[in-house]
Amino acid sequence: MLKINNLTKRFGGLAAVNNVSIEFEANKINAIIGPNGAGKSTFFNLVAGAMAPTEGSIEYQGMDITGMACDRIARLGIARTFQTTSLFDESTVLDNLIVGHRLRTQSRLWDVIINSKRLRDEEKKCRSRAQEVLDFVGLSHIGHRITADISQEEKKRVAFALALATDPELVLLDEPAGGINPEETENLASLIRKMVEHGVTVCLIEHKMDMIMSLADKIMVLDHGEKIAEGTPEQIRNNPVVIEAYLGSDDDAAA
Amino acid sequence: AETVTIGFTGPLSGGAALYGQNTLEGLQMAAREINNKGGFKVGDETYEINLVSLDDKYAPSQAAVNGKRLVQQYNAPVIFTPHSGGTFALQAFNQRDDFLVMSYTSVPTVTEKGNELTVRIPPTFTGYMKPFTKIAMAENGKKVAIANATHDYAKYWTKAFVPTWEAMGGTVVADNPMDYNKSADFYTGVSKVLAEKPDVLFIGGASEPTALVAKQARQLGFKGGFVIMDQAKMGEMSKIIGGYKMLEGSVGVVPLTMYEEQGAKDFVAKYHKQNDGKDPTTEVAYNYFAMHTVIQAMKEAGTVADSKAIRAAMGDALKNLAEEHNPYGVTEIDAKGGMMADPNIATVKKGGTVELQRISEVLGE
Amino acid sequence: MDLFMQQVLNGLTLGSIYGLVALGLTLVYGILHVPNFAHGALYMVGAYVSYVIMVDFGANYWLAMLGAAGAVALLAVLCERLVFNPLRHAPPIHDKIAAIGIMLFLEALVQMHWGAEFRRMPTPYTGIVEFAGLTMPAQRILIIVGAFSLMAVLHLFLKKTMTGSTIVAMAQNREGAFLVGIDANRVAMMTFAISGVLAAVGATLFAPINLVYPAMGHLLIMKAFVIIILGGMGSIPGAIVGGLIIGFAEAFGGFYISTDYKDIIAFALLVVILSIKPTGLFTKGVR
Amino acid sequence: MLQLNEVEARYGSFKALEKVSMTVGEGELVVLLGANGAGKSTLFNTISGLLKPTAGKISLNGKDVTGLKPSGLVQSGVVQCPEGRKLFPEMSVLKNLMLGAYVHRRDKAAIKKTLDQVLALFPILDEKKDHPAGSLSGGQQQMVAIGRAMMGRPKLLLLDEPSLGLAPLVVKQMFETIKGINEQGTTVLLAEQNAFAALKIAHRAYVIENGRLVMEGDKDAMLGNEDIRKAYIGA
Amino acid sequence: MNALQKISDFFMTPAMKLIMIVAALLFPFVAGNEYQIYVMALAFVWAIAVYGMNIITGLCGQLNLAHGGFFAIGAYTLAILTVDHGWPFWWAFVAAGVSGALLGFLAGVVSLRLKEHYFAIFTLCVGFIIYLLIDKWEELTHGALGIINIPAPSGFGLVDFTETTPFYYLALVFMVLSIWLAARIANSLLGRSFRAIRISDELAASLGINLMRNKVLAFVLSTTYASVAGALYAGMVRFIGPAEADVVHTFDMITFLLVGGIGTLMGPLFGTLAITWLTQSLQFLEEYRMIVFGPLLVVLVIFFPRGVVGTFLTWRGRRLAAVQETAKKESASEKKPQPNKAVTPRNQEAGNHA
Ligand SMILES: Nc1ncnc2c1ncn2[C@@H]1O[C@H](COP(=O)(O)OP(=O)(O)OP(=O)(O)O)[C@@H](O)[C@H]1O
Ligand SMILES: Nc1ncnc2c1ncn2[C@@H]1O[C@H](COP(=O)(O)OP(=O)(O)OP(=O)(O)O)[C@@H](O)[C@H]1O
Ligand SMILES: [Mg+2]
Ligand SMILES: [Mg+2]
């Protein structure tokens, strides 16, 4: 589904991502782990089109998307969440989600002026999609609340729903469980599984090893911008290079 | 007694506030004078003046709004405005709404477009072209460089001045007007025109920046004379640059304080008394005169409401106006509503002495 | 050649004053992210205070400068306390509007008190210095020397002293500055005070070759804004270099092209530079 | 050393802390456990003075410090390493650290010593010391934040979720570091979601829920508590 | 539900809109004099421009300080075409809108590459360049002299728009059209795209929204509004000069927007009318009125940052959420199915950007 060839991104002298090649399969959960500053977020930025790579290519469903603009890539079916998401505070939660489906609609200024049937249909479609994703992330009970008033954790799930509203085939989740307690992490993990069941491919950056190990079908480990390992959780857990660079020998702390 | 409302819209705040306030001051001074004497009589009725002034920040649209307000809400038959833009904006509806525009601007177009209810208070500036040119050429030479301001009034001036200068055998060696109100510094502009070695520098805007331009020209080694546009008054300039020495060889207009005529002297004395010896500006004097003229015209016309009749009585009003109310000695109004006068112009001779002459004297008419 | 050198000196005069005013603006922007539209009004008040001290109290030029610096610093601090501090969490448009409110207020106040007329500020330095065919009034030399010395002092203060660093720190993270024990309010006040001082000194230096009137700050503040976005907002070298660029653009553009179009030249320059480098000349690539 | 008495804090009308009373003794390492939004950061910000309590009293070594400004508290030795780091992004890493020692700015020699310690603790920072802090990765920035707090040579160090966004290996080192800091005599109050690791190095712990302290106990009692295990350790 | 809440609900109903329109239609009959009608008509013209600003600044989050410049471009296009080239008013009027759109497109493409404060100050400079061009390019614009004798809108022999009252209705029609279109845009998917950009560029782009295209569209819409307003203005005041392009007008418009409530539907109108009448009533203070007005502005942004309409809407939104919460609790305790959608009034969500 996603094929990365010799991807490199340099900031000045620093190679944040260095010659990484990997292939992610459809309908799987793919995780990226690695020490801080390994280049994980940068990797996501490259895939999502927020930055152009210095070298290398990205192929998505057989199509070369290297250097393509962010919004086009989103329309091709790649969605993402950010570590910190801002939302439209003065609107209701549901309202925030409607725009998520905008990229699947065709209406232009002209439709708006004449209030065309197309526009009305599409607005209906967006609204029902928003309701769906809200149900999906389990927040339908707060759809009417002003976004400023919901809890931080609920906001995270709204951001999640927003990504889903774009009808993605691949979602990139950057540390979705950062600052979330174990119970909620577990809920989130089931949510991710549920997404895969519904035919979405997931790419995930996370430091919570428990979660990764139980969720991921495939893990890529980055260090200093380079891919140092790739494989199933089992393989990664026992990979000495990874242990050396990242996990540490005593996994107490990673509990 | 009854009251009659006279309106004013002009810049009372913002960059042109000083100018607007000076014009208003002249109107207020006259109104106060009349009211203190118990008002004025039209027919059997005695009226007092209620002068309502509104700020328009020099914006034509605000002048229009103010005009509407003065007419509709205050029933003013006469509205004073000290700028051409405001005048044009008022002219869009003054005939329909039936009020007289008293315009303090020397831009000729305000009375040339055939508006029947407009009076232009000062004489047009075109009268200065020939005498200024004649004197400047005689004192200095035939090469002029243009370095006056860029606002509308200065543009009008330049447009009239250049052909006159050339028609009388002169050449324009440089043309580089500058924004007098907004420029931080004139050095660059002045050195640019001086590079063409002119005999005469044509300058002018508000008095104070004009004085700075003259000073900087001297600092940069200019030895010729200045033609000073009438908006700047030599007297006020001399205060900024310490006397007339720097203006040697220049021609321009002088403040009323230097006029020899009795009307002028009376007015200046009166003003000095009321203002701790401060000199009156031209704006004060002309608007003082204009207010008296309007009231005189009301008396002549026998009405305080009929603006057409008041306009029609202007000519007679001028004839019967007391000398002390007419510092500039204006005697006539033309058919289109322009006041006509024969003002003094001044030449600064060697050593900084100032010589006054009427325009008609210079031209030998 | 003389004429060329003359323009260089003119450019320096203008550039140093522009730079000084832009510096105050950029510092305040750095701390509160407020484009302080009232800065031009502070400059204007500075000129009036100097004028009053010299003309009405007959004090000496340098004393007047000192007095103006103190008074405007106080005024700037008041603005910070009463207006910008309460607005620090508000969306950016709000600060701008509030700044405009202050500007309108100060201008109206000055006009009420001193009237709208042009005033001429005296200076003891009326001589003209001539060398190598160049004429240079003493006051202009004073402007250049004074402005650049002040900039140098400020630079050293910000770079070399811990107190200076607190200003830079706070510009980058207010809460972070709190947490290391910096009294952020004091720093904000100090910054506003410095910007006030820069405005007042700039005004006292420049007013003697110009005029003092309520609207005198308008175009200057506009130019100062051009300068700080040209140089990169919040950047100190940016403000100085930007000031010089605009000063020279005006001097040379005004001389070799047209004085009437010199402002257009400055603004066109801005469009060109920002089209090439959208964050200004001196911003680093990090946010 | 630190004593809170019925402290209350609000955001507008929302009561984020309710009657919080707690003590932290000299030399202790106390952990504050709580779910997302329980009020940990709010409590920390209240102690460090970023937030003013609406009721209650906070005292430090018997001295009332309620409502003191953060700068005052740093002076008295309370230094917080905040959630979200709050670095000076365009300043170099080194300058960030130096500013951490702002209140000790006159004591040049001591600053140098602390700096060496910090750089030894986080060698990557030594490597990056001339880079702007904002160009570092999330985890590296966290190190700068902790390092900066340590530069203040705190008597009481408040660490708000220092492990947030850190790689497991670094988390482990981090906890060891914290333990080390504590053993050298600094009192530490630590907010964590990583309850197990935190408890292992702690002396005592409090549990906060919905702005209220609901449980307190020493390390072993906490580790043995079934509810705690279920709610926060997830084992 | 108390009386206050009932009233607030009433504000959101279609009946309220009807009342407002009827009130506007009746205004000339109840106005004390023509001056009030004139001021009102002028305020309507300004309001049109402010609605434009609300699209780029309120919805899309880009503070455009060149707005006054585009107002002037509209006014000048109309004036030049009618006075110098003898075009009929309405043709020139259309051309004014088109030139506002075209020049807006050009300016937008250049300036929208910049972000936040850079964009704001850059557009401030764009506005100043427009001013300078108008002031200096004498061959085209008559420079500092301005353009006089601009014709009033032609009434095709049916009405005379040089009269104040007919012009008032004309301005009213254009303003209602503007609000109608603004509402359409705000509540449509297009408006939602704009708002997503306002939240964050990054987020919007990740949702597949083409930043540049949408920003330029919003910018062009806003400049078109501004130039249409400018053209009407020229037909009303019938004299224009370079001062029309002064930044002061832009500042005025921001003030209107802020007082009314930025990003809301009725805010621009409310703010424009409120401030216009306030300044008119402060006229008696003459040159000192800024001493009152300046601090008033400061107080307003400190204590009512969302403006009047914005404050009202937020308050109402909270209340509705609370009402639903209790409704839900009650229904839950009665073990009925949740009347989720039934409770949501249709205009609730419109209300937030309304
Ligand atoms: N815009 C940028 N400019 C310069 N350097 C950058 C930029 N963005 C990231 N870097 C550098 O690239 C490297 C990789 O950063 P990245 O944010 O991708 O790490 P990460 O793997 O996501 O780390 P973490 O887990 O801590 O979030 C870091 O050394 C960082 O300092
Ligand atoms: N600035 C604020 N305004 C309003 N409410 C706030 C604010 N900051 C926090 N809250 C609310 O106060 C409560 C406690 O938040 P706090 O940040 O203290 O939690 P926490 O325990 O630190 O959570 P986390 O583990 O996510 O850091 C939450 O419900 C949160 O939504
Ligand atoms: Mg990252
Ligand atoms: Mg927290």
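Ala, Val, Leu, Ile, Met, Phe, Trp, Tyr, Cys and Pro count as nonpolar here, Asp, Glu, Lys and Arg as charged, and the others, Gly among them, as polar. With that in hand, welcome to a short tour of this predicted model.

**View 1. The shell around ligand 1, sorted by class.** By that scheme, eleven polar, five nonpolar and three charged residues make up the shell around ligand 1. Which of the 19 residues come nearest to ligand 1? They are Lys40(A), Ser41(A), Thr42(A), Ser135(D) and Gly139(D). Ligand 1 is surrounded by residues from chains A and D, so the site is shared between chains.

**View 2. Polar neighbours of ligand 1.** Here we zoom in on oxygen atoms of the ligand. On the chain A side, a polar side-chain atom of Thr42(A) lies 2.5 Å from an oxygen atom of ligand 1. Ala38(A) takes part through its backbone, with a polar atom 3.2 Å from an oxygen atom of ligand 1. From chain D, Lys128(D) places a polar side-chain atom 3.4 Å from an oxygen atom of ligand 1. On its own, ligand 1 has 640 Å² of accessible area, and the protein covers 83% of it.

**View 3. Helix H2 of chain C, end to end.** Helix H2 of chain C runs over residues 39-56. Its 18 residues should span 26 Å at 1.5 Å a residue, and the end C-alpha atoms are 25 Å apart, which agrees. Is H2(C) mostly covered or mostly uncovered? Mostly covered, as 16 of the 18 residues are buried. Look just after H2(C) for Gly58(C), where phi is positive, at about 65°.

View 4. Thr164(E) belongs to helix H8 of chain E, residues 164-187. Its relative accessible area is 4%, and buried means under 20%, so Thr164(E) counts as buried. Leaving aside residues up to four places away in sequence, Thr164(E) touches Lys68(B) and Arg96(B) as well as Glu34(E), Ile37(E) and Tyr38(E). With Lys68(B), the side chain of Thr164(E) also makes a polar contact of 3.1 Å.

View 5. Chain A and chain C make no contact, and their nearest C-alpha atoms are 10 Å apart. Chain B and chain D do not touch either, with 35 Å between their nearest C-alpha atoms.

Technical notes
Residues are numbered from 1 along each chain as its sequence is written. Chains are lettered from A and ligands numbered from 1 in the order in which they are written. This is a predicted model: local features need pLDDT of at least 70, side-chain atom pairs count only at pLDDT 80 or more; totals for chains, interfaces and linings use all residues. Side-chain values use heavy atoms; hydrogens and water are left out. A residue is near a molecule or strand if one of its heavy atoms lies within 4 Å of it. A polar contact is a pair of N or O atoms within 3.5 Å; within protein, one must be able to donate a hydrogen and the other to accept it, and residues adjacent in sequence count only if both atoms are side-chain atoms. Accessible areas come from the Shrake-Rupley method with a 1.4 Å probe; for residues, only the protein chains shown count as cover. Helices (H or I, at least four residues) and strands (E, at least two) are DSSP runs, numbered from the N terminus. The expected span of a helix is 1.5 Å times one less than its number of residues. Buried means under 20% relative accessible area, exposed over 50%, partly exposed in between (1.4 Å probe, protein chains only). Contact means heavy atoms within 4.5 Å.
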